[in-house]
Amino acid sequence: MAGHGYDRPLRVVLAEWQTEEAFHRAITTPAELIASPGLGDDQVAPLLGDADVLISRRFTAAMATKAPQLRLIHTPGAGINEIDLSAVPDHTTVCNVYGHESSIAEYVFMVLLALNRDLLNMDRRFRQFD
């Protein structure tokens, strides 16, 4: 397949994503999606045997032992604090997302306004009249 150097689709273990449909809309390279039934390490690790990519907020030493050909760990958040970097194989790249500055700023302003106007208590009082 062009773009990643394999003669087969990438094998992607999806431990976190909004939906499988969102994943397929976002990726342009042919990929075989292996969705994890849950977010627990014991549910994700067995799926990593022939995986090329892991999309997850977590990666542990126990997962590393099950992922001999993993080439990419992509966390769907800004931080990588739940990725055990000491367990990541040398041939594996770790990356996160960027471009969240505007949404964080909007959230901060929203919370400032909500706290300044006592929005939660106001909402609670309005709902008492339902």
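**A salt bridge to start**

Tutor: Asp123 and Arg127 form a salt bridge, with their closest N and O atoms 2.7 Å apart. Keep in mind that this is a predicted model.

Student: Where do Asp123 and Arg127 lie?
Tutor: Both are in helix α5, residues 119-127. They sit four residues apart, about one turn of the helix.

Student: Why does that spacing matter?
Tutor: An α-helix has 3.6 residues a turn, so residues three or four places apart point the same way.

Student: Is Arg127 buried or exposed?
Tutor: Arg127 is exposed, at 53% relative accessible area. Asp123 is partly exposed, at 31%.

Student: How many salt bridges does a search of the whole structure find?
Tutor: Five. One of them joins the side chains of Glu32 and Arg11, at 3.1 Å from N to O. That pair links distant parts of the chain. Glu32 is in strand β2 (residues 31-35), Arg11 is in strand β1 (residues 10-14), and 21 residues separate them.

Student: Which residues are linked with Arg11 in a network of salt bridges?
Tutor: Glu32 and Asp50. The side chains of Asp50 and Arg11 meet at 3.8 Å, N to O. Asp50 lies in the loop between α2 (41-44) and β3 (53-55), and Arg11 is in strand β1, so this pair ties together parts 39 residues apart in sequence.

Student: How open are Glu32 and Asp50?
Tutor: Glu32 is partly exposed, with a relative accessible area of 37%. Asp50 is also partly exposed, at 35%.

Student: New topic. What is the overall layout of the chain?
Tutor: The chain has five helices and five strands. Along the sequence they follow the pattern β-α-β-α-β-α-β-β-α-α.

Student: What share of the residues is buried?
Tutor: Of the 130 residues, 29% count as buried. The accessible surface of the chain is about 8700 Å², and 56% of that belongs to carbon and sulfur atoms.

Student: Which residues make a nonpolar surface patch?
Tutor: Ile104, Tyr107, Val108, Phe109, Met110 and Leu112. The patch covers about 640 Å². Tyr107 is found in helix α4, residues 101-116.

Student: How many residues of α4 are buried?
Tutor: Zero of its 16 residues, so α4 lies largely in the open.

Student: And what span does α4 have?
Tutor: The helix reaches 22 Å from its first C-alpha to its last. That is close to the 22 Å expected at 1.5 Å a residue.

Student: What comes just after α4?
Tutor: Asp118 takes a positive phi there, about 55 degrees.

Student: Let's switch to Leu72. Which residues does Leu72 touch?
Tutor: Leaving out residues up to four places away in sequence, Leu72 touches Asp52, Val53, Leu54, Thr92, Thr93 and Cys95. Leu72 is in strand β4, residues 72-74. With a relative accessible area of 24%, Leu72 is partly exposed.

Student: How far is Leu72 from Ile55?
Tutor: Their C-alpha atoms are 8.4 Å apart, and the two residues are 17 apart along the chain.

Student: Last one. What is the mean pLDDT of the chain?
Tutor: The mean is 83, and 89% of the residues reach 70 or more.

Student: Which elements have the lowest and highest mean pLDDT?
Tutor: Helix α1 (residues 20-26) is lowest, with a mean of 70. Strand β5 (residues 93-95) is highest, at 94.

How values were computed: Residues numbered from 1 in each chain as written. Predicted model: local features only at pLDDT ≥ 70, side-chain atom pairs only at ≥ 80, totals over all residues. Heavy atoms only, no water. Patch = residues over 30% accessible without salt bridge, like charges linked within 9 Å, V, L, I, M, F, W, Y side chains within 5 Å. Areas by Shrake-Rupley, 256 points an atom, 1.4 Å probe, with all protein chains shown as cover. Salt bridge = Lys/Arg side-chain N within 4 Å of Asp/Glu carboxyl O. Helix = DSSP H or I, 4+ residues; strand = E, 2+ residues; numbered from the N terminus. Expected span 1.5 Å × (residues − 1). Buried < 20%, exposed > 50% of the residue type's maximum accessible area, 1.4 Å probe, protein only. pLDDT = per-residue confidence, 0-100. Contact = heavy atoms within 4.5 Å.
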